[in-house]
Amino acid sequence: MNMKDTLLVPFSFAIDTVNGTLTPERPPVQRRLDDMKTAYAQETSGDDLVYEVRQIDVPTTNSNLLSSTTTLYPGKTNGEYYMTKGHFHQKRDRAEVYVGLSGEGRLLMASESGEVVVEEMRAGSVNYVPGGWAHRSVNVGEEPLVFYAVYIADAGQDYLAIEHQGGFPVIIVEGENGPEAVPNPRFQQA
Ligand code: PAN
Ligand code: ZN
């Protein structure tokens, strides 16, 4: 590789760990209930803001690392906690690291053959998402869940595969002893 063609100038950002904003500012991508009508076990709608993603752009090559903050607001729709859409990476083998900054959440991970792993997210948690695992984060607390994600920049996001199988194998609902993972009635193994 000719480094002269690919040499980037180093740069730095500061993260506000309570609300996920970046300095210098990056415009957020916003997802509202209306953008995720079919993501939940029961169809939902409304203009409530569910989450915001602020991305630090780099060239989307496999020699760069893309990173972003996600601010996932607290709330529930039909008993299900607010969550991200969730995706496999378009390039299935691309891994990702999530670093929890504030709030309380769960990270749902599911393989293409339907295996499920649920991990906790909070300030200081580090979750490793290996290639081949779809991932969705869920806010189970009363404050915004804020985390920083870093992944190989050519990964891409495949949302359709998750939609086609009716979501993840489990959903996170409020149980008697707090948040619990229960089977997703809409899930159909691909
Ligand atoms: C994250 C997610 C972010 C939003 O940066 O993209 O939390 O979730 P959705 O992309 O599922 O809407 C990530 O996993 N990037 O690959
Ligand atoms: Zn991802």
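This report describes the metal site, the nonpolar cores and several local features of a predicted model.

Residues are numbered from 1 along each chain as its sequence is written, and chains are lettered from A and ligands numbered from 1 in the order in which they are written. Because the model is predicted, local features need pLDDT of at least 70 and side-chain atom pairs count only at pLDDT 80 or more, while totals for chains, interfaces and linings use all residues; side-chain values use heavy atoms, with hydrogens and water left out.

**Metal site**

The zinc ion (ligand 2) is coordinated by H87 (NE2), H89 (NE2), E96 (OE) and H135 (NE2), at 2.1 to 2.3 Å. Donors are N, O and S atoms within 2.8 Å of the metal (3.2 Å for Na, K and Ca), and sites may look incomplete because water is not among the atoms. Along the chain, the donors of the zinc ion (ligand 2) follow the spacing H-x1-H-x6-E-x38-H. The site of the zinc ion (ligand 2) is octahedral, with angles of 75 to 175° among its six donor atoms. Six donors count as octahedral if opposite donors are over 155 degrees apart and all others between 65 and 115. Ideal angles for six octahedral donors are 90 or 180 degrees.

**Accessibility of selected residues**

Buried means under 20% relative accessible area, exposed over 50%, and partly exposed in between (1.4 Å probe, protein chains only).

| Residue | Relative accessible area | Class |
|---|---|---|
| E96 | 3% | buried |
| H87 | 10% | buried |
| T84 | 10% | buried |
| F13 | 29% | partly exposed |
| F11 | 46% | partly exposed |
| N78 | 47% | partly exposed |
| P183 | 66% | exposed |

**Nonpolar cores**

A nonpolar core is a set of buried Ala, Val, Leu, Ile, Met, Phe, Trp, Tyr and Cys residues joined through side-chain atoms within 4.5 Å. Of the 29 residues in the largest nonpolar core, Y40, V50 and V138 touch the most other members. Strands β4 (49-56), β10 (104-111), β13 (133-139), β14 (145-152) and β16 (170-175) each supply at least two residues of this core, and its largest share, four residues, comes from β10. Strands (E, at least two residues) and helices (H or I, at least four) are DSSP runs numbered from the N terminus. A second, separate core of five residues includes V58, L66, Y151 and A153.

Contact means heavy atoms within 4.5 Å. Leaving aside neighbours within four places in sequence, V50 is in contact with residues including Y40, L72 and Y82. T84 lies in the loop between β7 (80-81) and β8 (88-89); beyond such neighbours, its contacts include M36, Y51 and R136.

**Ring interactions**

The structure holds two aromatic pairs. One of them joins F11 and F13 edge-to-face, at 5.9 Å centre to centre and 85° between the planes. Rings of Phe, Tyr and Trp (its six-membered ring) pair if their centres lie within 6.5 Å; planes under 30 degrees apart count as stacked, over 60 as edge-to-face and the rest as tilted. The charged end of K85 sits over the ring of Y159, 5.4 Å from its centre, a term that requires NZ of Lys or CZ of Arg within 6 Å of the ring centre and within 35 degrees of the ring normal.

**Backbone features**

Most residues other than glycine have a negative phi, and most peptide bonds are trans. A cis peptide bond joins T23 and P24, with omega about 0°, and P24 lies in the loop between β2 (22-23) and β3 (29-32). N78, which is not a glycine, has a positive phi of about 50°.

Definitions and conventions. Four donors count as tetrahedral if all angles lie between 85 and 135 degrees; four count as square planar and six as octahedral if opposite donors are over 155 degrees apart and all others between 65 and 115; anything else is irregular.
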